[in-house]
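Here are my comments on the model you sent. Please read them with the coordinates open.

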Amino acid sequence: MQANKPIEVILEDKTLDSQLRAIAEKVFLGTRITEQEGLHLFERGELAFVGALANHIREKRHSGHTYFNRNFHIEPTNVCLYTCSFCSYSRLIKKREEGWEYSTEEIMDIVRKYDGEPVTEVHIVGGVLPQYDVEFYSELFRQIKAHRPELHIKALTPVEYHYIFKKAKVSYEEGMQLMKEAGLDSMPGGGAEIFHPEIRDQIAGGKCSGEQWLRIHEIWHELGRRSNATMLYGHIEEYRHRIHHLEELRKLQDKTGGFQTFIPLKFRNKGNQMSHVPESTVIEDLRNYAISRIYLDNFDHIKAYWPMIGREVAQLSLAFGVDDIDGTIDDTTKIYSMAGSEEQSPALSTRELVNLIRRVGRQPIERDTLYNVIQNYTDHVFEEDTAFKGYVSLPVTNKH
Ligand code: SF4
């Protein structure tokens with residue numbers, strides 16, 4: 001799909017505001033934009049404009065390639081000590097009977113369910129509770145690796161790590177080293193929300209601060225490992241908070257180079273303490289993807305979570321800077337459906353996901369967690385597509 005004008009056409013527009021023109025020229029030359037320019041894009045950049053710039057970067061870096069991976073999610077618990085006001089997922093401790101708290105054995109049963117399935121990654125994240133501590137997770141990672149050594153463990157965010165290391169009285173450095181030795185391969189991007197304390201204190205008070213989140217990722221990168229980053233947008237934050245968040249990520253990435261992917265997460269207002277806050281529009285979602293792509297010039301990938309925004313918007317996002325769609329997600333995850341997201345049954349088969357990408361003219365590439373190519377599905381023919389489905393009844397054109 002070519003939804004956007006090429007950047008060369010944008011630059012020929014004589015009516016373009018001079019600041020937007022300067023930004024477009026920078027993007028064309030591959031030069032970094034400033035914080036002030038990023039803010040100007042959020043305030044003044046129309047969808048078609050930011051889309052053209054973001055698509056230029058996306059195609060220069062990845063052409064039409066669109067990545068996905070086959071993973072499964074495990075949430076050890078949805079009971080949580082914290083009370084983030086945007087969270088539709090957690091159950092407070094006093095109502096813990098409404099939630100679930102899996103034992104190591106129950107989690108291993110889920111892992112074993114995927115024996116023989118071509119998944120490459122297990123994504124583990126959930127609520128924060130005292131029994132899920134350093135010992136619990138070290139033992140869990142060891143058991144997963146003993147059972148299936150090649151399965152990539154992408155697990156826990158600085159929210160959990162900050163809590164469990166404090167409880168175990170170990171430093172972040174010691175704690176991350178322990179996790180690495182236990183089998184942790186990489187870290188997902190969650191728990192970032194909005195770093196700026198003006199917003200973070202209101203929506204996610206009590207859990208790790210923005211600085212702590214960044215510090216734990218930094219230590220993990222220093223250990224030679226990779227991670228992702230997110231931003232929860234579209235609630236009570238202002239554009240300047242989004243730019244502050246992106247700037248903090250860009251600075252850390254300059255220092256370590258350890259981030260792989262940035263994932264903007266849309267705030268949803270069902271079933272949480274922020275039901276009165278309206279959700280962002282699809283146009284704002286696409287603008288946010290595009291401006292993130294433009295601003296984070298040192299991030300390789302921008303990812304869309306299709307269960308959160310819906311399949312059609314995910315398809316559209318591929319023309320607005322996104323080059324990765326979070327993959328064949330199994331029904332075992334409940335986070336998104338419980339947050340009132342678009343997809344109540346967030347599972348797609350590989351064939352469905354591949355077709356979703358191909359239908360908008362992009363090339364689907366299956367990757368592993370570290371973006372090694374597993375298979376290019378651009379011209380792949382699925383068995384289901386060639387199977388005989390019975391004779392097709394033709395329309396009647398002549399009744400004589
Ligand atoms: S967002 Fe995470 S830390 Fe906050 S209440 Fe929900 S599960 Fe707990």
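This is a predicted model: local features need pLDDT of at least 70, side-chain atom pairs count only at pLDDT 80 or more; totals for chains, interfaces and linings use all residues.

The numbered points below take up a helix, some strands, the ligand shell and a few single residues.

1. Helix α6, length. Helix α6 covers residues 134–147, 14 residues in total. From its first C-alpha to its last it reaches 20 Å. That is close to the 20 Å expected at 1.5 Å a residue.

2. Which residues of α6 are buried? They are Tyr137, Leu140, Phe141 and Ile144. These four cover an arc of only 95 degrees around the axis, which puts them on the same side of α6. An α-helix has 3.6 residues a turn, so residues three or four places apart point the same way. Glu139 and Ala146 sit on the other side of α6 and are exposed.

3. Helix α6, its cover. What covers the buried residues of α6? Among the helices, the cover includes α5 (104–113), α7 (158–168) and α8 (172–182). Strands β5 (121–124) and β6 (152–155) are also part of the cover.

4. Strand β5, its faces. In a regular strand the side chains alternate between the two faces of the sheet. Glu121 and His123 point one way from β5. Val122 and Ile124 point the other way. Are these residues of β5 buried or exposed? All are buried, and that includes Glu121 and His123.

5. Strand β5, its partners. Strand β2 (residues 71–74) runs parallel to β5, joined by 4 bridges. Isoleucine 74 is placed opposite isoleucine 124 of β5. β5 also pairs with β6, again in the parallel sense and over 4 bridges. Here glutamate 121 faces histidine 152 of β6, and valine 122 stands opposite isoleucine 153.

6. Strand β6. Both faces of this strand are covered. His152 and Lys154 lie on one side, Ile153 and Ala155 on the other. All of these are buried.

7. Ligand shell. Which residues surround the ligand? The list includes the cysteines Cys80, Cys84 and Cys87, and the tyrosines Tyr82 and Tyr89. Thr83, Ser90, Gly127, Val128, Val159 and Lys207 are also in the shell. By class, the shell has 7 nonpolar, 3 polar and 1 charged residues.

8. Lysine 169. Its phi is near 55 degrees, a positive value in a residue other than glycine. Lysine 169 lies in the loop between α7 and α8. Why does lysine 169 count as exposed? Because 9 other C-beta atoms lie within 10 Å of lysine 169, and a residue with 12 or fewer counts as exposed.

9. Tyrosine 371. Here too phi is positive in a residue other than glycine, near 70 degrees. Tyrosine 371 belongs to the loop between β12 (363–367) and β13. Tyrosine 371 has 15 C-beta neighbours inside 10 Å, so it counts as partly exposed.

10. Glutamine 375. This residue is in strand β13 (residues 373–376). Glutamine 375 is partly exposed, with 13 other C-beta atoms within 10 Å. The C-alpha atoms of glutamine 375 and isoleucine 365 are separated by 5.9 Å. Along the chain the two residues are 10 residues apart.

Methods. Residues are numbered from 1 along each chain as its sequence is written. Helices (H or I, at least four residues) and strands (E, at least two) are DSSP runs, numbered from the N terminus. The expected span of a helix is 1.5 Å times one less than its number of residues. A residue is buried if 20 or more other C-beta atoms lie within 10 Å of its own, exposed if 12 or fewer, and partly exposed in between; C-beta atoms are placed from the backbone. The arc is that of the directions from the helix axis to the C-beta atoms. Two residues are in contact if their C-beta atoms, placed from the backbone, lie within 7 Å. A residue is near a molecule or strand if its C-beta atom, placed from the backbone, lies within 6 Å of it. Ala, Val, Leu, Ile, Met, Phe, Trp, Tyr, Cys and Pro count as nonpolar, Asp, Glu, Lys and Arg as charged, and the others, Gly among them, as polar. Two strands pair if DSSP finds at least two bridges between them.
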